[in-house]
Amino acid sequence: MLAAEAAYDALQAGRQHDELTAYPAAFEQSWLYKELLQAKNFKQWFKKGRTTATLMTGIEQWLLPKLGIRNPPWTIHRVKPDHVYLKPAAECEKIVYPKPDGKLTFDRLSSVFISNTNHEENQPAHLTLKDASVPVNINWEKYAGPESRYCPAGVYEFVQNEEGKERLQINAQNCVHCKTCDIKDPMQNIVWVTPEGGGGPNYAGM
Ligand code: SF4
C-alpha cells in the first residue's frame, strides 16, 4: 500500500519517470519498519540454539521495549550463505511424507495450476545450468537431488534415460519465481534470470 500510494502521488503530480523516494521514506515511518527492527535478530538467535534464542528474544522483544528501546543496539549477521548448510543425504534420516489428501494438502502440480503460471514456449530458457554434469554427479550422488524436493513447482525432475541412468529434466514453464533454487542449490550451479515480460505466476484471486 505504501508503494502504491507513493506511485499514485507521483502519477498525480505528473512525475512518471523519477525515483519513488517517498516510498522508502514512508516505509521508515511505518509500524512495519518498527516491528521489523525489533525482530531483526530473531532467526539468527534461533540458529544459536533454543535456550540462547529464548533468552535473547525475551530481552529484545520484551525487556528492551519496556525500557523504551525498540531497536536492539546490536545486529547479528549471517556469515555463511544458506546453501552451505545443506548436509549430504547420508547424514540425514529420510522423511516419509503422507500423500496429499486433496482437502487440506495438495500435490505440487495442482497448486502450480492454481498459480496460473505461464511462460511463452519459444522464449529463451530463464533457468540454465553452468555445468550440466553437476546435477547428477554431485547433487544426485551426494545430496539425493534436493532440487527435485525444494522446488515448490516440480520444475526439477530426475528421470531415467534409456540406459537407466539419472538425468535432470528442467520444466522451466512451471516456475513460480520463488527463487529457492537460486539460493539453495548446493553448488550454485543454477542460473536464474528474469524471464520475458509477462511470464510467471498470475494469482488472479489476490
Ligand atoms: S524459482 Fe526455482 S525453486 Fe522456485 S519455482 Fe522456479 S524453478 Fe522452482
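A: Sorted by class, the shell around the ligand comes out at 9 nonpolar, 2 polar and 1 charged residues. Keep in mind that this is a predicted model. The residues in that shell are Leu127, Cys151, Pro152, Ala153, Val155, Cys175, Val176, His177, Cys178, Lys179, Thr180 and Cys181.

Let's pick out His177 from that group. Histidine 177 sits in the loop between strand E3 (166-170) and helix H9 (180-184). Its phi is near 65°, which is a positive value in a residue other than glycine. As background, most residues other than glycine have a negative phi.

You'll find alanine 144 in the loop between helix H7 (134-143) and helix H8 (147-150). Alanine 144 is partly exposed too, because it has 15 C-beta neighbours inside 10 Å.

Now back to the ligand shell, from another side. The largest nonpolar core has 8 residues: Val112, Cys151, Ala153, Val155, Tyr156, Cys175, Cys181 and Ile190. Compare that with the shell, whose members include Cys151, Ala153, Val155, Cys175 and Cys181. In general, nonpolar side chains in soluble globular proteins tend to be buried together.

Leaving aside residues up to four places away in sequence, isoleucine 190 touches Leu127, Leu129, Cys181, Asp182 and Asp185. Among these contacts, Leu127 and Cys181 are in the ligand shell as well.

Glycine 197 counts as exposed because it has 8 C-beta neighbours inside 10 Å. From glycine 197 to glutamate 120 it's 77 residues in sequence, but 9.7 Å in space, C-alpha to C-alpha.

Zooming out, the domain assignment of the protein chain gives domain 1 (2-79) and domain 2 (83-192). Their C-alpha centres lie 32 Å apart.

And how confident is the predictor? The protein chain has a mean pLDDT of 92, with 99% of its residues at 70 or more. Among the elements of the chain, H7 has the highest mean pLDDT (97) and helix H6 (residues 108-114) the lowest (87).

Methods
Residues numbered from 1 in each chain as written. Predicted model: local features only at pLDDT ≥ 70, side-chain atom pairs only at ≥ 80, totals over all residues. Near = placed C-beta within 6 Å. Nonpolar A, V, L, I, M, F, W, Y, C, P; charged D, E, K, R; others polar. Domains from an automatic or database assignment. Buried ≥ 20, exposed ≤ 12 C-beta atoms within 10 Å, placed from the backbone. Helix = DSSP H or I, 4+ residues; strand = E, 2+ residues; numbered from the N terminus. Core = buried A, V, L, I, M, F, W, Y, C linked by C-beta atoms within 7 Å. Contact = placed C-beta atoms within 7 Å. pLDDT = per-residue confidence, 0-100.
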